[in-house]
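Dear colleague,

Please find the structure below, followed by a short account of what was found in it.

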Amino acid sequence: MATQTHVPTALEAAGDVVIPVADELAGRFPLHANPSPASDAEYDAIMEDLTFGRAFTDHMAHMRWTPDQGWHDRAVVPYGPLELTPAAAVLHYSQSVFEGIKAYRHADGSIWTFRPGYNAARIDHSAWRMSLPAIDREDFVASLVDYVRADAKWVPDRPGSSLYLRPFMFASEDFLGVHAAHEIDYYVIGSPSGPYFKGGFEPVSIWVVKGYHRAGPGGTGTAKAGGNYAASLLPQMEAAERGFSQVCFLDTYQEKYLEELGGMNVFVVMADGTVRTPELTGVILEGGTRSAICRMLRSQGTEVREEPIALDELVEGIRSGDVAEVFACGTAAVVTPIGRLAGDDFDVQVPTGPVTEKAYHDLTDIQMGRVPDPFGWTYRIL
Ligand code: COI
């Protein structure tokens, strides 16, 4: 089978830079152990529940940045409330970015993460766009390593579960002038989590929204900035009132082409086996899972086209059978089939099919170490 060449994006190329093994990075964030960690009963209750993003572990990684000192005070410290003044710039001007990445427990008990170099490169990109300081790639990965090693017992082993890692950075300077802040804090927290959608690998329903956009040309759409997610909440709430689990945004000028969901990228599987996903126009977020799926499918001989996808053609294709499957993907959502797509003047059911299922299994098999990783994406933490 002919394989389609995957031409790496700038972010993918930056993310492919080899990161030293965890033992070499470990110790940059020294552990200040939590004197009151979760009790056995609290731990058991959390590990039994595993609701996405609801409960957190005993520690968090932290470092601080000022123009004079750069990044300093690296440590893994007890998880707990942050002290901020009411004038902290992030509370007013939303100067903040974040990442989503996971720690997986393999069958032999070892703990791994997935493409940490990619997330390191992306937080750099997001930080640049939001006028936040760059983080050294190795420091970023070291913060994950030291945090996860400190809280290793919180990495669940139940199928479909992981320790969801949330690195984030924000302007903590107390100053109301609108400028790039001079005091920045970076943290990594983690939440032992099962699937993002309660149903797991079950089809979700999507409302295609008109009149609201999460980002526009030249805006912050390619940055993982909190404000982009805030912008998605109102349409998301309106969609939820109609009974839909997510929204899909269209392009800003014509409201004609698909962009992305509230926090996930979208793929369309054609009946002839071709797979399509909206091209990176400088507005949508370049998802790590999107990138992995493009690369994986191409290596398997599937033609993946990154191109504009017109909503009316998509709906027509679903009705005629030219479109076989539609799915969403993201770090939290992994690969989630879309079973219903609706908007102001259409409402169509989409079957769940083999391409979506295979993408889900192929990806999670690599992440969980059930098959060899031909791409060099997995990174051992412990
Ligand atoms: C992720 O997939 O990691 C995200 O950051 C998206 C968010 C909706 C949970």
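**Helix H11 and its surroundings**

H11 has 14 residues, and from its first C-alpha to its last it reaches 20 Å, close to the 20 Å expected at 1.5 Å a residue (the expected span is 1.5 Å times one less than the number of residues). Helices (H or I, at least four residues) and strands (E, at least two) are DSSP runs, numbered from the N terminus.

This is a predicted model, in which local features need pLDDT of at least 70, side-chain atom pairs count only at pLDDT 80 or more, and totals for chains, interfaces and linings use all residues. Residues are numbered from 1 along each chain as its sequence is written, and side-chain values use heavy atoms, with hydrogens and water left out.

The buried residues of H11 include Thr-356, Ala-359, Tyr-360 and Thr-364. Buried means under 20% relative accessible area, exposed over 50%, and partly exposed in between (1.4 Å probe, protein chains only). These buried residues of H11 pack against S4, S5, H9, strand S14 (323–330), strand S15 (334–343) and strand S17 (378–380).

Why does Thr-364 count as buried? Thr-364 counts as buried because its relative accessibility is 8%. Thr-364 is found in helix H11 (residues 354–367). Leaving aside its neighbours within four places in sequence, Thr-364 is in contact (heavy atoms within 4.5 Å) with Val-334 and Arg-370. A polar atom of the Thr-364 side chain lies 2.7 Å from the backbone oxygen of Tyr-360.

Just after H11, Gly-369 takes a positive phi of about 70 degrees.

Yours sincerely

Note on methods
Polar contact = N/O pair within 3.5 Å; in protein donor to acceptor, adjacent residues only side chain to side chain.
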